[in-house]
Amino acid sequence: MALSLCNLVSRNSLAPLPIGRLLLSTRGLQTFSLPDLPYDYGALEPTISGEIMMLHHQKHHQTYVTNYNKALEQLDDAMNRGDPSTVVKLQSALKFNGGGHINHSIFWKNLAPVNEGGGEPPRGSLGWAIDTDFGSLESLKQKMNAEGAALQGSGWVWLGVDKELKRLVVETTANQDPLVTKGPSLVPLIGLDVWEHAYYLQYKNVKPDYLNNIWKVINWKYASNVYEKESA
Amino acid sequence: MGSFCFHTSAVPSSHLLSGTDCTYGLGGLKLGNLRKIPFSRTHKASKVLAFYGLKKPPYKLDALEPYMSKRTLEMHWGELHRGYVEGLNKQLEQNDILYGYTMDELIKATYNNGNPLPEFNNAAQVWNHNFFWESMEPRGGDMPKLGLLDQIEKDFGSFTNFKEKFVDAALTLFGSGWVWLVLKRQERRLEVVKTSNAINPLVWNDIPIINLDVWEHAYYLDYKNDRAAYVKNFLDHLVSWDVATARMIRAEAFVNLGEPKIPVA
């Protein structure tokens, strides 16, 4: 791999070979940037206010991206210096900020304005799978709402698919832990952000109202696409 | 920190020194160890439904403006804190074993050595929020004086260094939780600790001196996502070093902080 070759070249050679230079420049650190929202900030009104969408996207998600990039740079540096204790120390910042970036990137795709299919129930294989595994779409929603209401502190409620067992699951994760921390074969389909920043300005303390309403803007088309890809 | 009482109005106890063991009862009868007693001989033996009341902050709800708005206090104290109290009472109605505890004891018991019972979250949050309102005062901030300042300088190097550590803890706390200035019993020193969700230092048998709520609901209405500005305003304008000093004085009755200065004859 370019990385190890480059390390070999830069560590063991005394004179910087031109080939080493070339490899060094291609081994850039991959950093990330804030993905655009596929709709306007106000497009999910009145379910989620434009103010929340703007703060959530421009401030919270952007902060996760910025801090993730910072942590990645520090990790890169620590790895090059061969500093294992810094590498290990950075893991919680990577998990938190990287997880925040991953989770929110999925979340924006999980939502859609009503006039672009938000809230329309899933059809096809995902719809059948939901009926099989949960009885009905209603009972799935109730289950996820109950898990969300019971979640203490900050976290996410997920509808995911277990690639190995070929089954749908409902899971919760704390803070910004991605769904994969609950099982390596779990793939997220729908994530509901139950951090207070996701609803507080609009719904205040009434988290259950937020959870009941958010289904009106859930983009089941995206979830169906992911599900069909994973079940293929 | 909650009042163990038979009515919901705020019991007038000294907010500086409210702590363990405030068990009241019928005409001074100590109810600490009793589970069920008949309310009156003329009625059938009825259950004593001991419950906790919502304590008012020691200032008006708009007294902390502009650093913490009246709106925030109305929501945070009036709805969320009240919700925790009512939730706790509902849980206690169904669970006899937990009658008769003081709030501090209830927290340790329901923490269950790291495997918390369902009542823990409500009990701890009731305590944490009581402690929080009392940790603040209108026109607070500034610096601690005398003994507490000496202890802070001894354990942190300087007051500025303590503030930096406190701010750092608040900003690196991932998710929801609390930041504490705590007197550690074993180490016999002040430290800044951060805890997740509802956890508080009582479960490790340490003595809290001040706390700061960094759940998003505590600052979102006033500061949106700017946690740094919130923490700065707390330290510069809200924290009550008078209350902290009183708590420290009480803590020194339990922790030996150093050699007494015995003059050589």
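The structure is a predicted model: local features need pLDDT of at least 70, side-chain atom pairs count only at pLDDT 80 or more, and totals for chains, interfaces and linings use all residues. Residues are numbered from 1 along each chain as its sequence is written, chains are lettered from A and ligands numbered from 1 in the order in which they are written, and side-chain values use heavy atoms, with hydrogens and water left out.

The interface was examined at the level of residues. Contact, defined as heavy atoms within 4.5 Å, links 16 residues of chain B with 19 residues of chain A. The area buried between the two chains is about 1,800 Å². Buried area is the accessible area (1.4 Å probe) that two parts lose on being put together, summed over both. Carbon and sulfur atoms give 58% of the area between chain B and chain A. Phe174(B), Glu216(B) and Tyr220(B) supply 36% of the area that chain B buries against chain A.

The rule finds one salt bridge between chain B and chain A. A salt bridge is a side-chain nitrogen of Lys or Arg within 4 Å of a carboxyl oxygen of Asp or Glu. Lys224(B) and Glu51(A) form a salt bridge, and their closest N and O atoms are 3.9 Å apart. Nine residue pairs are in polar contact between chain B and chain A, both residues being at pLDDT 80 or more. A polar contact is a pair of N or O atoms within 3.5 Å; within protein, one must be able to donate a hydrogen and the other to accept it, and residues adjacent in sequence count only if both atoms are side-chain atoms.

On the side of chain B that touches chain A, the elements giving two or more residues are α1 and α6 (220–223) of chain B. Helices (H or I, at least four residues) and strands (E, at least two) are DSSP runs, numbered from the N terminus. The largest share, four residues, comes from α1(B). By class, this side of chain B has six nonpolar, six polar and four charged residues. Ala, Val, Leu, Ile, Met, Phe, Trp, Tyr, Cys and Pro count as nonpolar, Asp, Glu, Lys and Arg as charged, and the others, Gly among them, as polar.

In chain A, an unreviewed UniProt entry places the feature "domain: Manganese/iron superoxide dismutase N-terminal" at residues 31–112. UniProt positions are given in the numbering used here, feature names are shortened, and annotations may be inferred rather than shown by experiment. The span is 71% helix and 0% strand. Its end C-alpha atoms lie 27 Å apart. Asn103(A) is in helix α5 (residues 91–110) of chain A. At 1% relative accessibility, Asn103(A) counts as buried. Buried means under 20% relative accessible area, exposed over 50%, partly exposed in between (1.4 Å probe, protein chains only). Not counting residues up to four places away in sequence, Asn103(A) touches Trp156(A), Trp158(A), Gln176(A), Asp177(A) and Pro178(A).

A cis peptide bond joins Glu45(A) to Pro46(A), with omega about -10°. Pro46(A) sits in the loop between α2 (18–26) and α3 (50–81) of chain A. In chain B, a cis peptide bond joins Glu65(B) to Pro66(B), with omega about -5°. Pro66(B) lies in the loop between β2 (51–52) and α1 (70–93). Asn112(B) is not a glycine, yet has a positive phi of about 55°. Asn112(B) is partly exposed, with a relative accessible area of 36%.
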